[in-house]
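Hi there,

Here is the structure I promised to pass on. Have a look at it first, and my notes follow below.

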Amino acid sequence: MNMTDPIADMLTRIRNAATARHTRVLIPASKMKLNLARVLKEEGYVKDIEILKDNPQGTLRLTLRYVDKKPVVTQLKRVSKPGLRVYTKQANIPRVRGGLGIAILSTPKGLMTGSNAYKQGLGGEVICYVW
């Protein structure tokens with residue numbers, strides 16, 4: 001099957017796994033997905049990341065984090081899509097849920113949270129919101 005938006009597929013797999021209370025989720029690997037998973041781990045939404053070399057592409061195995069049997073990830077929202085890219089300057093980086101969530105941006109220095117991009121004086125493409 002031809003997939004037009006692999007990042008949206010990744011976010012949907014994580015959202016579905018959290019809703020179904022699964023501990024792990026398998027995602028086809030790519031550099032972008034690996035960096036997105038790394039940001040989620042740094043921010044405490046994902047407990048662990050493993051790269052399985054079961055095929056030439058590889059597979060990411062994310063272990064989701066739960067607190068008091070409730071998933072840490074309550075919602076993931078894709079912002080910039082293949083049909084409509086969304087870019088922002090440093091001054092206009094969005095705050096998610098009044099600072100309770102994070103915006104993940106693709107900047108010239110790689111994927112990072114909106115607050116890190118603001119501190120470094122960078123803008124970029126708004127990939128998604130997580131809260």
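Which residue is the bridge partner of E50 in strand 3? It is R61. Before the rest, a word on the basis: this is a predicted model, where local features need pLDDT of at least 70 and side-chain atom pairs count only at pLDDT 80 or more, while totals for chains, interfaces and linings use all residues. Residues are numbered from 1 along each chain as its sequence is written, and side-chain values use heavy atoms, with hydrogens and water left out.

**The sheet**

The E50 pair belongs to strand 3, and strand 3 (residues 59-64) is joined to strand 2 by 6 bridges, the two running antiparallel. Together, 3 strands form an open antiparallel sheet in the order 1-3-2. Strand 1 (24-28) and strand 2 (46-52) are at the edges with a single partner strand each, so one side of each has no neighbour in the sheet. From one strand to the next, the twist averages 20°.

As for terms, strands pair if DSSP finds at least two bridges between them; helices (H or I, at least four residues) and strands (E, at least two) are DSSP runs, numbered from the N terminus.

**What packs on it**

Helix 1 (residues 6-19) lies across strand 1 and strand 3, at about 165° to strand 1. Helix 2 (residues 31-42) also packs on the sheet, where it touches strand 1, strand 2 and strand 3, and its direction makes about 155° with that of strand 2. Angles run from 0 to 180 degrees between N-to-C directions, with axes fitted to C-alpha atoms, for helices over the stretch in contact; contact means heavy atoms within 4.5 Å.

**The core**

The largest nonpolar core has 26 residues, and I14, L36, L62, I104 and V130 touch the most other members. Such a core is a set of buried Ala, Val, Leu, Ile, Met, Phe, Trp, Tyr and Cys residues joined through side-chain atoms within 4.5 Å, buried being under 20% relative accessible area with a 1.4 Å probe, protein chains only. Helix 1 gives the largest share, 6 residues. Domain 1 (6-71) and domain 2 (76-130) both contribute, so this core lies between them; the bounds come from an automatic or database domain assignment.

Leaving aside neighbours within four places in sequence, the contacts of I104 include L36, V39, L40 and V130. Apart from this core lies another of 10 residues, among them V79, V96, L105 and M112.

Best wishes

Technical notes. Buried < 20%, exposed > 50% of the residue type's maximum accessible area, 1.4 Å probe, protein only.
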